[in-house]
Structures are given as structure tokens and as C-alpha cells.
Amino acid sequence: MKSSTRPSPTDQAQGRRYCHRLRQVGVDAQGAVLHYPATRRTRRDPYTPKQPGRPRPTSPR
């Protein structure tokens with residue numbers, strides 16, 4: 001759920017990041033659904049692993 005009133009590139013990047021991390025742990029994420037309650041809007045962003053701007057691999061903790 002987002003507190004901003006409109007979608008931003010940062011929101012889309014965050015959705016891609018979540019999908020990427022979910023796939024790393026074995027969840028077949030298909031995309032992100034962002035909710036903007038202030039404007040009562042929902043945005044669906046499909047995810048494919050080969051999208052430009054994919055997150056870089058993280059080091060194990």
C-alpha cells in the first residue's frame with residue numbers, strides 16, 4: 001500500500017524488487033499490485049525476470 005497520491009517510477013522499481021526477491025526464494029511472482037488509498041486507485045505491474053533495470057544480486061547475509 002502506498003501513501004502517495006500517484007504512481008512513481010520508484011513504486012514500480014519497488015514492485016520489481018519484491019518480485020525479484022520472491023523468485024529468489026522460490027515463489028513464482030507474476031507481478032505487483034500497488035494500492036493508492038488516497039485516490040482509491042490500484043495499479044498492476046506485470047513482472048518478467050528479463051525486464052531492464054532488474055535489481056542486482058545481493059550478497060548473502
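1. The protein has 1 helix and 2 strands, and from the N terminus on these elements run α-β-β; helices (H or I, at least four residues) and strands (E, at least two) are DSSP runs, numbered from the N terminus. This is a predicted model, in which local features need pLDDT of at least 70 and side-chain atom pairs count only at pLDDT 80 or more, while totals for chains, interfaces and linings use all residues. Residues are numbered from 1 along each chain as its sequence is written, and side-chain values use heavy atoms, with hydrogens and water left out.

2. Of the 61 residues of the protein, 21% count as buried, where buried means under 20% relative accessible area, exposed over 50%, and partly exposed in between (1.4 Å probe, protein chains only).

3. Asp45 is found in strand β2, residues 41-46, and Asp45 counts as buried because its relative accessible area is 12%. Leaving aside neighbours within four places in sequence, Asp45 is in contact (heavy atoms within 4.5 Å) with Gln12, Gly31, Ala32 and Leu34. Asp45 and Ala13, although 32 residues apart in sequence, are 10.0 Å apart in space, C-alpha to C-alpha.

4. Val27 has its place in the loop between α1 (9-24) and β1 (31-36), and Val27 is described as partly exposed because its relative accessible area is 41%.

5. For the protein as a whole, among contacts between residues at least 6 apart in sequence, 48% join residues at least 24 apart.
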